[in-house]
Amino acid sequence: MASPPDLSGTVALVAGATRGAGRGIAVALGEAGATVWCTGRSTRARQAAHGRPETIEETAELVTAAGGRGVAVVADHEVPAEVADLVARIDAESGRLDVLVNDIWGGEGRYQWNLPLWEQDLAQGLQLVRQAVETHLITSAHALPLLVRRPGGLVVEVTDGTADYNADHYRVSIFYDLAKVAVTRLGYSQAEELRPFGCTAVALTPGWMRSEGMLEHYGVTEENWRDGTAVAEHFCISETPRYVGRAVAALAADPERDRWSGRSLSSGQLAGVYGFTDVDGSRPDCWRYLAEVVDAGRPAGDEGYR
């Protein structure tokens, strides 16, 4: 792949950086030399929900090993006071905030596939919306005053699916669907409010991501991930979490990133513009693949889409 951009001197907050896209984004920003404040609730002292082993300390260590500076902070983004304390610490220790990535999710296990609203667990579904949407609002409300102190700041709202794809595709359940569409709109809305300050906001989606949980679900590792196609043939188009991370790094390094402000973007789309690759040197374009292969009922195969 091409060398990572130079983000030395850049200060980023990746909210929800314990695993998945958040970890991939944090490490990719570290590759580019940024200082990355990594937040989450899973620590070595307290096991994550659903028994996942990843911790926020590990993410920060991976950022530092990649070439940046990782700072792990335990924070529950549902609690405004904890977010306020986090931002105050960033201000005190770093004195600036250049990139805010809202990747808080916490929705696993809180929805059921393809069941109507009245058959869903309402309490779990409402909690999903709180964790996946309200947390983003809380985080931005506290972090944006620091980000807008200087022009050029970037806000990335991480979601699942482009605006075009989600506009006519029902996504999993009513709660999941609502959360992902709402987060996309947050990218647009914050762009409107940030524009007078010379700052940019976007919504960004990875493709079919080989997160830690996804690899475990298919019983594969990153080394033999293609074996997962025996279970789900279209898994061939999947990508690592680092790919969407490199999309964020490319945006952060682009002096003309305001051209994207308010837009819904994807990792594959931005790879075509900026020239970065996934860790294997490929450029998977998942959302085009879903539209042209999966939805069209064509046989699986990623040739021409990677």
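**Exercise 1: the sheet**

Seven strands make up an open sheet with parallel pairing, in the order 3-2-1-4-5-6-7. Strands are DSSP E runs of at least two residues and helices are H or I runs of at least four, numbered from the N terminus; two strands pair if DSSP finds at least two bridges between them. This is a predicted model, where local features need pLDDT of at least 70, side-chain atom pairs count only at pLDDT 80 or more, and totals for chains, interfaces and linings use all residues. Residues are numbered from 1 along each chain as its sequence is written, and side-chain values use heavy atoms, without hydrogens and water.

**Exercise 2: strand 1 and its partner**

Task: find what joins strand 1 to strand 4.

Solution: Start with strand 1 (residues 11-15) and strand 4 (residues 99-102), which run parallel and are joined by four bridges. Next, pick out Leu13, whose bridge partner in strand 4 is Leu100.

**Exercise 3: a pocket**

Task: describe the lining of the second largest pocket.

Solution: First, count 14 lining residues, with Arg23, Arg210, Glu212, Pro241 and Arg242 nearest the centre. Then sort by class: five are nonpolar (Ala, Val, Leu, Ile, Met, Phe, Trp, Tyr, Cys and Pro), five charged (Asp, Glu, Lys and Arg) and four polar (the others, Gly among them). Finally, helix 1 gives the most, with four residues. A pocket here is an open set of points on a 1 Å grid over the protein atoms alone, where a 1.4 Å probe fits, with protein on both sides within 12 Å along at least five of seven lines; lining residues have an atom within 4 Å of a point.
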